[in-house]
Amino acid sequence: MDDLLGKISIITGGAMGIGKEIALRLARDGSDIVIVDIEGELTGKVLNEIQLTGRKSLFYEVDVTRWDRVKAMVHEVLKSFNKVDILVNNAGIVGPVAPVWEYRVEDWDRVMEINMKGTFLCCKAVIPSMLKQKNGRIVNIASISGKEGNPRMGAYSSSKAAVIAFTKALAKEVAQQNIMVNCIAPALIETRMLEIMGKEQREFLLSKIPMGRFGTPAEVSALVKFLVSDECSFSTGQCYDLSGGRAVY
Ligand SMILES: NC(=O)c1ccc[n+]([C@@H]2O[C@H](COP(=O)([O-])OP(=O)(O)OC[C@H]3O[C@@H](n4cnc5c(N)ncnc54)[C@H](O)[C@@H]3O)[C@@H](O)[C@H]2O)c1
């Protein structure tokens, strides 16, 4: 398929895992890709893979919590491509797995900053250009934990609940400008994040998935692909479940 031909997509956290898969999928479907990540070395490999699809790719080594850096990155992208059609806010961290009373305040702040504030800052920087062209698609990667609240993941769950509410609020602000803003709530997806959270928590969360397996980054990118396409034209402010049956609402 090449139905994204001519589109410009910014994907945060595209160096690995789900973000990498989204970047490759959107490139295969025709979009030029801008990856924003803090992992410069790993991103090099992704850029090579994107170029093999025949699409253009750019990388900005930017921490999404830094407003000055995010603003400058979007300014540069607009200078290079003149527009941004698609923004996927995927950069995120799980943070420590610990009960609330043992959770360090600085860890709480960092999880919130990256997962929530980073999403806000990237939207804030990109939306003015989408408003000008009266067209845009934004997908925020939330989590099933934001709907259900995973024990020992208080900061992560709260940050993802905030992403879901933010998605709904923003969607209403731009609904009349042909800008669709949606989010996705995956359960466990096979990436390094599962290693970081540890075996015990991983198995506990796996036991809650009726399909009895992890999801794959390709399954996430397939849903993202629909949500960023022109075919997604009457759905906005939604949280799409991707949890092997864990959430049925
Ligand atoms: N893997 C899962 O089970 C799962 C489930 C639900 C939701 N999610 C969400 O999906 C998204 C991607 O997760 P993943 O599993 O691919 O994780 P990952 O750790 O494999 O990849 C995350 C990427 O984000 C980048 N990143 C982290 N902090 C950043 C920052 N401050 N600025 C810019 N980039 C930064 C990392 O360098 C990395 O490339 C996250 O938002 C995560 O919360 C993951």
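1. Ground rules. Since this is a predicted model, local features need pLDDT of at least 70 and side-chain atom pairs count only at pLDDT 80 or more, while totals for chains, interfaces and linings use all residues. Residues are numbered from 1 along each chain as its sequence is written. Helices (H or I, at least four residues) and strands (E, at least two) are DSSP runs, numbered from the N terminus.

2. The sheet. Seven strands make an open sheet, ordered β3-β2-β1-β4-β5-β6-β7, and the pairing is parallel. Two strands pair if DSSP finds at least two bridges between them. β3 and β7 (239–242) sit at the edges with a single partner strand each, so one side of each has no neighbour in the sheet. On average, neighbouring strands are turned by 15 degrees against each other, direction ignored.

3. Two strand pairs. β2 (residues 32–37) runs parallel to β3 (residues 57–61) over five bridges, and the bridge partner of I33 in β3 is S57. To get from β2 to β3 the chain goes through helix α2 (residues 40–52), and this β-α-β crossover is right-handed (with the strands pointing away from the viewer, the path from the first strand over the helix to the second runs clockwise). Further along the sheet, six bridges join β5 (residues 136–141) and β6 (residues 179–186), also a parallel pair. There, R137 stands opposite M180 in β6.

4. α3 on the sheet. α3 packs on the sheet and touches β1 (8–12), β2 and β3, with its direction at about 165 degrees to that of β2. Axes here are lines fitted to C-alpha atoms, for helices over the stretch in contact, and angles run from 0 to 180 degrees between N-to-C directions. Residues are in contact if their C-beta atoms, placed from the backbone, lie within 7 Å.

5. α3 against α4. α3 (residues 67–81) and α4 (residues 105–133) pack at about 30 degrees, axes 9 Å apart. They are therefore roughly parallel to each other (angles under 35 degrees count as roughly parallel, over 145 as roughly antiparallel, 65 to 115 as roughly perpendicular and the rest as oblique). W67, V70, K71, V74 and L78 in α3 meet L121, C122, A125, V126 and S129 in α4. By class, that contact has eight nonpolar residues, one polar and one charged (Ala, Val, Leu, Ile, Met, Phe, Trp, Tyr, Cys and Pro count as nonpolar, Asp, Glu, Lys and Arg as charged, and the others, Gly among them, as polar).

6. α4 against α6. α4 also packs with α6 (residues 154–173), at an angle of about 15 degrees and with axes 9 Å apart. This pair is therefore roughly parallel too. The contact includes W108, M112 and F120 of α4 and Y156, V163 and F166 of α6. The classes come to twelve nonpolar, three polar and two charged residues.

7. α1 against α9. The axes of α1 (residues 17–28) and α9 (residues 217–228) come within 9 Å and cross at roughly 50 degrees, so the two helices are oblique to each other. Among the contact residues are E21 and R25 of α1 and K225 of α9. The contact divides into eight nonpolar, two polar and three charged residues.

Notes. Contact = placed C-beta atoms within 7 Å.
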